[in-house]
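Please keep the structure in view while going through the points.

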Amino acid sequence: MIEVRGLTKEFGPTKAVEDLTFTVQPGMVTGFLGPNGAGKSTTMRMILGLDRPTAGTALIDGKRYHDLKQPLRTVGALLDAKWVHPNRSAKAHLQWMAASNGIPMSRVDEVLRLVGLTEVAGKKAGGFSLGMSQRLGLAATLLGDPKVLLFDEPVNGLDPEGIVWIRKFMQRLAAEGRTVLVSSHLLSEMALTAEHLVVIGRGRLIADTTVKQFVDRSSESTVRVRSPQLDALRSALTSQGLTVREDGTSELGGALIVLEATTDVVGQIAGGQGIVLHELAAQQGSLEDAFMKLTGDDVQYHAAGIDEVMGGAL
Amino acid sequence: MGVVNAERIKLTSTRSPWWCTVAIIALGLGLAAVIGLSAKASYNAFVDEVAKGDKPDFEPFLPTLADAVGGVSGFGVLILMILAALAVTSEYRFGIIRTTFQAVPKRDSVLITKAGLIGGFGALLTFLLTFGAYAIAKATAGSDAGAALKLSGSEAWRAIYGVPIYAFLCVVLAVAVGTLLRQSAGAIALLLLWPLLVENLFGLFGRFGENIKPFLPFMNANNFLGAPQGVDFHWGPWGSLAYFAAFVAVIFGLALFTVNRRDA
């Protein structure tokens, strides 16, 4: 478990992280979401004792990182996969890390096998592709079989295959009962990977909730429903105070869009009236839109509006 | 113990420390051979002129032990300092320092281990090389030109055991400077220019410079090694060693203080 209490970091006059408080629970993947520059990496570095907080504390299983004995056995963290010596072999990189925390050398071969790097273990890490570097970074986090894992933007720049691989990897670690905190600026990615979300913008906490709640709450959710008994359905829904409009795009005909409703509610109403449904689907506004809506004011570096830039040239 | 093993693996798993070691050996022994050969040539020229009945206008060059180990204490230790500084700055360059501090949050122990390990290695290497340099200089100079090359007397012995002490302190200094500056070019430039150039520039400042010289750290180190360079010191060789050691300790302390305060 990671407990962050009132964590604050100031770089001169700028507050990178401001009075941040949240808890990361074991047994599930927690997404750490925010736009670029929101303070995600700084927060992670403070949790790991790399940066000194201006105020507040970050505890791992009740202890400051600095006070952990052989910390790699408790916390595995991958902040940047390129943090390796380009002329050192992957194996030697893991060997020095293992040695520093009294981890047996046999474990090095084990984690190399886990991430599928056994074949290139003796090769210089500088020649690795981003995907391979990422795997080496993962191997390093797993060396001490830690209960707590932190990943900073682990899928950035990876190909689809790599993204899926990493996603499954993290979910497996969480399923084993570990605490997993993954940062990302991509909500769509987090929606697929994480169960719980900690959302920050400009260093401040915006939301600490489950992924489902976050998406439901922050996106304009509509329900698309198709039925042979469209009229009966329409009156049933409107009588419950729901706003309904025809779905003009449907080729099959007979579809309704129910605004600000969930599939649960629509299904319940239809079922109560014995109305047959052919389709019942939640239609969420783009997750990115939702994210923008919530963090809109908290994006550190606003891009100028496209219209403004193009000056009507479009 | 874990930290020592980790740092040992780091040092031996990239090529540059090996190349530095090869360079130290080559320069240390090579320079001894050059000194021996030039001593022999100079002595032979002197004898030839005497044999011809002339009165030579030069004295033959009879190197002492301190001269013979000059390649080790001069060039060798400079390269050793580069090796030590790189052991820290390359970690900053590639971001490994953060992984290091993640693995070992007690940052003091990382720096102390690095300094101790490289310093110990450097001391052992230079200690062995001084004997090698002595043997090579003696062999190349021959018995006549090498007459002053003797392993006897406290001056001579200090040239032998003084070099490893000096090498160790220089490594500690280099680790500290590397930590403070965090980048290779700056650290190496400072470490090379300071002893080779900056301290000698004080000679240009007239009386003021001359008064400062006995307080310059590397001037004192040279005094300990038996090359006072015409400077009028306020203390003997051992005083100079203590002065140089205190200087190194202050810089290293500063590095420890800084690395603990600073964000990695």
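This is a predicted model: local features need pLDDT of at least 70, side-chain atom pairs count only at pLDDT 80 or more; totals for chains, interfaces and linings use all residues.

1. Residues are numbered from 1 along each chain as its sequence is written, chains are lettered from A and ligands numbered from 1 in the order in which they are written, and side-chain values use heavy atoms, with hydrogens and water left out.

2. Chain B contains 11 helices and 0 strands. Helices (H or I, at least four residues) and strands (E, at least two) are DSSP runs, numbered from the N terminus. The C-alpha trace of chain B spans about 75 × 45 × 30 Å along its principal axes.

3. How much of chain B counts as buried? The share is 49% of its 264 residues, where buried means under 20% relative accessible area (1.4 Å probe, protein chains only). Among contacts (heavy atoms within 4.5 Å) in chain B between residues at least 6 apart in sequence, 72% join residues at least 24 apart.

4. In chain A, six strands form an open sheet in the order β6-β7-β8-β3-β9-β10, with mixed pairing. Its edge strands are β6 (75-78) and β10 (204-210) of chain A, each of which pairs on one side only. Two strands pair if DSSP finds at least two bridges between them.

5. Within that sheet, β3 (residues 29-33) and β8 (residues 179-184) of chain A are parallel and share 5 bridges. Helix α5 (residues 160-175) of chain A lies across β3, β7 (148-152) and β8 of chain A, at about 150 degrees to β8(A). Axes are lines fitted to C-alpha atoms, for helices over the stretch in contact, and angles run from 0 to 180 degrees between N-to-C directions.

6. A further open sheet of chain A has 4 strands in the order β2-β1-β4-β5, with antiparallel pairing. Strands β2 (14-24) and β5 (63-64) of chain A each have a single partner strand, so one side of each is left without a neighbour in the sheet.

7. Strand β1 (residues 2-11) of chain A is joined to β2(A) by 7 bridges and the two run antiparallel; A:Ile2 has A:Val24 as its bridge partner in β2(A). Helix α1 (residues 40-47) of chain A lies across β1, β2 and β4 (55-60) of chain A, running at about 115 degrees to β1(A).

Terms used: Buried means under 20% relative accessible area, exposed over 50%, partly exposed in between (1.4 Å probe, protein chains only).
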